[in-house]
Amino acid sequence: AGAGAGAGARGGARADSLDMLGGGSIFILLLLLASPSLCRCSGEQTSAEECSPQTLYVSFVMVGRVDDLRGDYVGRLANSVQLIQKLSMMYHVDSEIVIVEWNPFQDMPSLAAVLRKFVLPVDAAPPVRIVTVPSSFHQTVQGGTNQTFFEFMAKNVGARRARGKFVLISNGDVIFNQHVFRALSKKLLDHDAYFRIPRVETSVPFDPQEDLSRRINKIESMCSSLTPEPLCDVGQTFCPGRYNVGVCERGFLGQEHHELHFGNADELFMPAAGDFFLIHRSNFHLLGGYHSIPSTTHLDSLLLCKASGAGLRQIVLTRPCVMFHQKHPVKDMDGIEVSDACVDNMLDDKECRRRFLLPGWELTEDRCTEIEQEARAKLAGRNLEEGGGGGENFSALLSLDANWGFPNEEFAEETL
């Protein structure tokens, strides 16, 4: 989904809201741990020990299905999965990978069947969980749109069933360098914030059959050849603020840096918002996940508007942390050119709007402000003490949408 036109110039509005929020922190639910009941997926309750969020620090959440969308999707997904597993082991990151297979094609093999041969056959490797949302359920939520895949409903399903303390919502065609895992290994991520990262296109292809060490070396080689990262004195829609420098190396921002960090008042960093959104799981619940509507375009960017209204601090990981996007063809399965979003000169294109946009969910300054204000109003007066203790399940906690991720549905799950 798209990265943003019309969502810039937010600094003044966000700064004004901070005076009302007392710094924005009073709405943040900290250190809240979900109950084991959230781990139910296929009607079988996992054990409390296996399900305990205390045993995992981060859940990588991705979505997909077996198809040739934009080329070899399964190959790109296999690269991502293998590199997450390998780098998690190298840097001792307690993690899992949750992949939601949404509305799989009836005449294609399951994602689990195809991906199984790529999963690292090592006991210490992070588990790969495949949660399947069948066509029968998709039909109940597609709302007459005739769309066959809802990326952000699927990501909600995965995040709701994740077991990590934090969730890193991403896509199967992106890969991370070693510094991202070094940062995660410190287990110091700020709880009152969400993390973003700029996206860089890969300069070389990645073959999931190639030796993993060689692929890791390719990533580091690409990192060393990058041009200087553009930074701004105050963060802008397409330019991270210079005050984010150092967070990657420390693995957190920290209270002592708050006064010099403008992440509660700078512009929302919009590019590739669906490729990297890292947040404490209880705060993702507070936001109610992505908007659960039968659409895909812009919902990743509009989630940032909700996060702003909730008073969460925006932190953008700058280099040496790098996220690479694996290049793929630019046409969809119908042979039609794929637009990142219906923005700029495409905004008035009727065919683009018909295929990608649900009326009322355009990414504009006014729509973003409206979502911010709605979140702020619903959370007004909330304080930390009302959140309860770590033993409560999510259903007892405040959320902008308590039913995000369809918690009462028992979707089939398989662990590879």
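Two strands are taken to pair if DSSP finds at least two bridges between them; strands (E, at least two residues) and helices (H or I, at least four residues) are DSSP runs, numbered from the N terminus. The structure is a predicted model, in which local features need pLDDT of at least 70 and side-chain atom pairs count only at pLDDT 80 or more, whereas totals for chains, interfaces and linings use all residues. Residues are numbered from 1 along each chain as its sequence is written, and side-chain values use heavy atoms, with hydrogens and water left out.

Strand β1 (residues 58-64) pairs with β2 in the parallel sense over seven bridges, and Val 61 stands opposite Val 98 in β2. Strand β3 (residues 128-133) is likewise parallel to β2, with six bridges; here Ile 99 faces Ile 130.

Arg 281 belongs to helix α10 (residues 281-287) and is buried, at a relative accessible area of 5%. Its side chain reaches the backbone oxygen of Ala 162 at 2.9 Å. Between Arg 281 and His 191, the C-alpha to C-alpha distance is 9.3 Å, at a sequence separation of 90 residues.

Helix α13 (residues 365-378) comprises 14 residues. Its buried residues include Cys 368, Ile 371, Glu 372 and Ala 375.

Notes: The expected span of a helix is 1.5 Å times one less than its number of residues. Buried means under 20% relative accessible area, exposed over 50%, partly exposed in between (1.4 Å probe, protein chains only). A polar contact is a pair of N or O atoms within 3.5 Å; within protein, one must be able to donate a hydrogen and the other to accept it, and residues adjacent in sequence count only if both atoms are side-chain atoms.
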